[in-house]
Amino acid sequence: MSEKATLAINGKSYEFPVVKGTEDELGIDISSLRTSTDGVITLDPGFKNTGSCESAITFLDGEKGILHYRGYGIEELAEKADFLEVVYLLIFGELPTESELEKFHYDIQHQSIVDEDVKKILDAFPKSAHPMGVLCSLTSALTAFNPTSVDVRSEEAMYKSIVKILGKFPVLVAWTMRKKMGLPLNYGSTSLGYVENVLQMMFRQPNEEYTLNPIVVEALDKLLILHADHEQNCSTSTVRIAGSSHAGLFVSLASGISALWGPLHGGANQAVIEMLEAIKADGGDTKKFMAKAKDKNDPFRLMGFGHRVYKNFDPRAKIIKKAADEVLADLGIEDPILEIAKGLEKEALEDPYFVERKLYPNVDFYSGIIYRALGIPTEMFTVMFALGRLPGWIAQWREMRLNKEPIGRPRQIYIGKTLRPFIPVEKR
Ligand code: SDX
């Protein structure tokens with residue numbers, strides 16, 4: 001017998017079914033609430049207590065600092081898998097066999113040419129344009145060059161769209177960065193792995209061969225895995241709701257890129273480095289910035305700290321912090337802002353304000369230090385987050401469409417003026 005939840009309102013009581021997930025999470029199914037109570041709805045700004053869907057892709061437990069992709073622990077995937085395997089796992093639900101992975105990679109590689117006219121759109125942007133704005137526009141524009149990617153109702157049609165964007169998105173990422181740096185826009189090679197190809201497209205100089213550094217490949221591969229999905233975060237929820245109107249995959253992804261750009265979300269990785277640089281320029285006085293973060297009259301927040309779900313360490317932050325030490329040591333880089341970051345973390349973890357609010361370092365706190373060590377410009381950090389999150393967005397969009405979920409359309413409680421007569425302008 002499944003559990004029921006009872007709600008009493010207006011002198012009546014109502015029963016609602018309770019949904020139990022495979023990790024024993026409980027959700028009250030209120031889909032009949034408004035009709036059975038003659039118009040009563042719930043109110044939950046920021047959806048802090050509201051589930052938008054049932055999903056089989058990613059599980060996270062914020063209290064315990066747990067993150068699983070399709071049942072596999074993030075720690076094991078970061079250690080043992082490579083990014084393309086995780087892409088396949090998130091989208092199709094199982095780790096690929098060797099032949100499945102080979103075909104998947106082949107299909108992606110043979111969809112990785114972008115129409116030359118896309119360069120004309122890129123050329124229209126000033127060099128000062130933020131790469132996230134450029135990437136969002138180019139991703140949306142891809143629809144015009146791939147019109148069959150819009151009306152995808154069959155799994156086969158979806159697959160074609162999926163390998164198209166997995167092939168073309170890294171090209172857009174590389175071209176966005178190189179345009180800003182005044183470098184020629186090139187391609188990698190179908191003889192390279194997915195991540196190796198990204199690095200070659202981003203960093204190969206026109207007058208010399210590009211030598212792949214295995215440390216850099218491994219570091220980027222790990223970072224992309226750690227960013228690949230995170231259940232119903234802000235940008236993923238945006239992709240789902242855009243896709244729920246049956247908008248095409250590419251434009252749904254473009255809406256996710258827009259949401260990710262915000263400094264409270266994916267834009268935090270850039271904001272963390274800018275904050276650490278400001279602290280360094282200010283003489284390394286972390287206490288001053290801690291005070292600002294706690295001052296309610298000061299809009300400053302400790303970027304890279306806090307999380308809507310994690311009220312414990314973000315498991316990704318732990319892995320990235322360890323990787324930051326390893327990558328900088330392996331590359332022989334001394335980066336003073338890593339020490340500032342560690343000092344800030346230590347202070348915050350001992351400060352009552354942060355302890356009481358359960359504010360811990362999140363995925364964005366250390367990731368920028370590795371991107372910097374890999375030679376990636378600061379303004380490109382959130383673009384790298386988007387490259388990692390692409391498979392998660394795709395997986396969630398596909399799940400939403402295959403589950404034939406209804407168009408997303410929340411209700412509201414109106415608190416504006418009640419009906420009043422129009423007054424002609426001469427009488428106002
Ligand atoms: C990502 O959702 C996801 O899964 C996101 C993500 C993913 O993989 O998709 O994990 C990626 O977006 C990570 C978060 C990156 N953002 C930042 O690092 C920006 C700094 N962090 C905050 O702005 C904030 O912590 C959020 C936005 C991340 C979460 O905000 P919530 O859940 O809405 O919490 P809140 O704003 O209600 O804060 C609760 C309290 C408040 O104080 P009180 O009103 O209770 O006194 O904590 C305070 C806040 O002022 N607080 C902070 C703080 N974060 C929260 N105070 C100082 N510095 C901070 N960073």
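Predicted model: local features only at pLDDT ≥ 70, side-chain atom pairs only at ≥ 80, totals over all residues.
Q: OK, which residues of helix 6 are buried?
A: The list runs Pro131, Met132, Gly133, Val134, Leu135, Cys136, Leu138, Thr139, Ala141, Leu142 and Thr143. That is eleven of the 15 residues, so helix 6 is largely enclosed by the rest of the structure.

Q: What covers them?
A: The cover includes helix 5 (118–123), helix 7 (155–181), helix 11 (249–261) and helix 18 (381–402).

Q: And what span should helix 6 have at 1.5 Å a residue?
A: Its 15 residues, 131–145, should span 21 Å, and the end C-alpha atoms are 21 Å apart, which agrees.

Q: Switching to aromatics. How many pairs in the whole structure?
A: A search finds 13. One of them is Phe83 with Tyr194: the ring centres are 5.9 Å apart and the planes are at 45°, so the pair is tilted.

Q: Where do Phe83 and Tyr194 lie?
A: Phe83 is in helix 3 (residues 83–92) and Tyr194 in helix 8 (residues 194–203), so the pair ties together parts 111 residues apart in sequence. Both Phe83 and Tyr194 are buried.

Q: What about Phe313 and Tyr360?
A: Their centres are 5.2 Å apart with planes at 50°, so this pair is tilted. Phe313 is in the loop between helix 13 (286–294) and helix 14 (315–331), while Tyr360 is in the loop between helix 16 (352–356) and helix 17 (363–373), 47 residues apart.

Q: Which residues form a cluster through ring pairs?
A: Phe305, Tyr353, Phe354, Phe365 and Tyr366. The charged end of Arg357 also sits over the ring of Tyr353, 3.8 Å from its centre.

Definitions and conventions:
Residues numbered from 1 in each chain as written. Heavy atoms only, no water. Helix = DSSP H or I, 4+ residues; strand = E, 2+ residues; numbered from the N terminus. Expected span 1.5 Å × (residues − 1). Buried < 20%, exposed > 50% of the residue type's maximum accessible area, 1.4 Å probe, protein only. Contact = heavy atoms within 4.5 Å. Phe/Tyr/Trp six-rings, centres within 6.5 Å; stacked < 30°, edge-to-face > 60°. Lys NZ or Arg CZ within 6 Å of the ring centre and 35° of its normal.
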